[in-house]
Amino acid sequence: MASQEANPKLQRLFIALDLPDAIRDGVTAWGEAELIDPALRPVRPESLHLTLVFLGDREADKVEAIGDLVRGLSAPQALMKLEDPVSLPRRRRASLFALPAPSPATTDLHHGLVDRLEVAGLHEAEKRDFWPHVTVARVNSEGGGSRRPAAVTRRPGDLPDGVKVPFYGVRMTLYRSELQPGGSRYVPLAQVELPGAGQQ
Ligand code: 2AM
């Protein structure tokens, strides 16, 4: 399959829900205390998000069309709530830690987006089920040429109650993921504000 490395013209894209500042700040403060195992690489505060659709590596002409589609959406409110951290994969050594964010509204938003992208010929739905979550840390590999994740001995503890309150997604954003030495950087390309943004 084509990749960014093989073809530098490709752009790695995804559409995400942005979190309210209060929730992002709460997750960041929790992470400073809990994502401290040396094997962990916490997600930068400005990069915390909930992925709605991962689009993968796309040609520049498709990027324009996807951006137009996102800007033209009249999206409904998306109420959600974060849960205590879990690690993935479930039955093997953790490679990432995420906060599940189960929400019928977010799942509807995901399906609505996928349908529109498919009708426009811009995306093919993934076979696996949508799992709304916010990734908070990735695990470094154990080194020595191995790609296996390092062991995490100090697992993150639960979220404080103040971060587990319901909130509305702030906006939907089309991001380009840029691989950089210090970790990926996400550049917003197109956005649409959501009704009820940030209310709790
Ligand atoms: P993750 O947080 O579960 O790792 C930018 O990389 C965003 O796209 C991240 O939120 C990431 O999900 C998601 N992503 C990356 N690769 C993906 C893939 N192959 N399938 C689905 N989502 C992916």
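This dialogue walks through some features of a predicted model.

Visitor: What should I know about the numbering and the model before reading on?

Guide: Residues are numbered from 1 along each chain as its sequence is written, and the model is a predicted one, in which local features need pLDDT of at least 70, side-chain atom pairs count only at pLDDT 80 or more, and totals for chains, interfaces and linings use all residues. Side-chain values use heavy atoms, with hydrogens and water left out.

Visitor: In what order do the strands of the sheet with β1 and β11 lie?

Guide: Some terms come before the case. Helices (H or I, at least four residues) and strands (E, at least two) are DSSP runs numbered from the N terminus. Two strands pair if DSSP finds at least two bridges between them. Here four strands make an open sheet in the order β3-β1-β11-β12, with antiparallel pairing. At the edges are β3 (50–58) and β12 (185–193), each of which pairs on one side only. Direction ignored, neighbouring strands of this sheet are turned by 20° against each other on average. For such angles, axes are lines fitted to C-alpha atoms, for helices over the stretch in contact, and angles run from 0 to 180 degrees between N-to-C directions.

Visitor: How many bridges join β1 to β3, and how many join β11 to β12?

Guide: β1 and β3 are joined by seven bridges and run antiparallel; Leu13 stands opposite Gly56 in β3. Seven bridges also join β1 to β11, again antiparallel, and there Ala16 faces Thr173 in β11 as its opposite residue. Between β11 and β12, which run antiparallel, there are eight bridges, and Met172 is opposite Val192 in β12. The hairpin of β11 and β12 has six residues between the strands, and in it Gly183 takes a positive phi near 120°.

Visitor: Which helices pack on this sheet?

Guide: Contact means heavy atoms within 4.5 Å. Helix α2 (residues 60–71) packs on the sheet and touches β1, β3, β11 and β12, its direction making about 40° with that of β12. Helix α3 (residues 104–119) also packs on the sheet, touching β1, β3 and β11, and its direction makes about 25° with that of β3.

Visitor: How many aromatic pairs are there?

Guide: A pair of aromatic rings is described by the distance of the centres and the angle of the planes. Rings of Phe, Tyr and Trp (its six-membered ring) pair if their centres lie within 6.5 Å; planes under 30 degrees apart count as stacked, over 60 as edge-to-face and the rest as tilted. The count is three aromatic pairs. One of them, Phe14 with Tyr175, is stacked, at 5.4 Å centre to centre and 25° between the planes. This pair links distant parts of the chain, 161 residues apart: Phe14 is in strand β1 (residues 11–18) and Tyr175 in strand β11 (residues 171–178). Ring pairs link Phe14, Tyr175 and Tyr186 into a cluster.

Visitor: Are Phe14 and Tyr175 buried or exposed?

Guide: Buried means under 20% relative accessible area, exposed over 50%, and partly exposed in between (1.4 Å probe, protein chains only). Phe14 counts as buried because its relative accessible area is 4%. Tyr175 is buried too, at 11% relative accessibility.

Visitor: Which residues touch the most other members of the largest nonpolar core?

Guide: In soluble globular proteins, nonpolar side chains tend to be buried together. A nonpolar core is a set of buried Ala, Val, Leu, Ile, Met, Phe, Trp, Tyr and Cys residues joined through side-chain atoms within 4.5 Å. The largest one has 49 residues, of which Leu82 and Met172 touch the most other members. Neighbours within four places in sequence aside, Leu82 has contacts that include Ile23, Val27, Leu99 and Phe167.

Visitor: What is the strand order in the sheet with β7?

Guide: Four strands form this open sheet in the order β2-β7-β6-β5, with antiparallel pairing. Its edge strands are β2 (40–42) and β5 (86–88), each pairing on one side only. From one strand to the next, the twist averages 35°. Strand β6 (residues 96–100) and β7 run antiparallel and are joined by five bridges; Ala98 stands opposite Thr135 in β7.

Visitor: Is Thr135 or Pro42 buried or partly exposed?

Guide: Thr135, in strand β7 (residues 133–139), is buried, with a relative accessible area of 12%. Pro42, in strand β2, is partly exposed at 42%.
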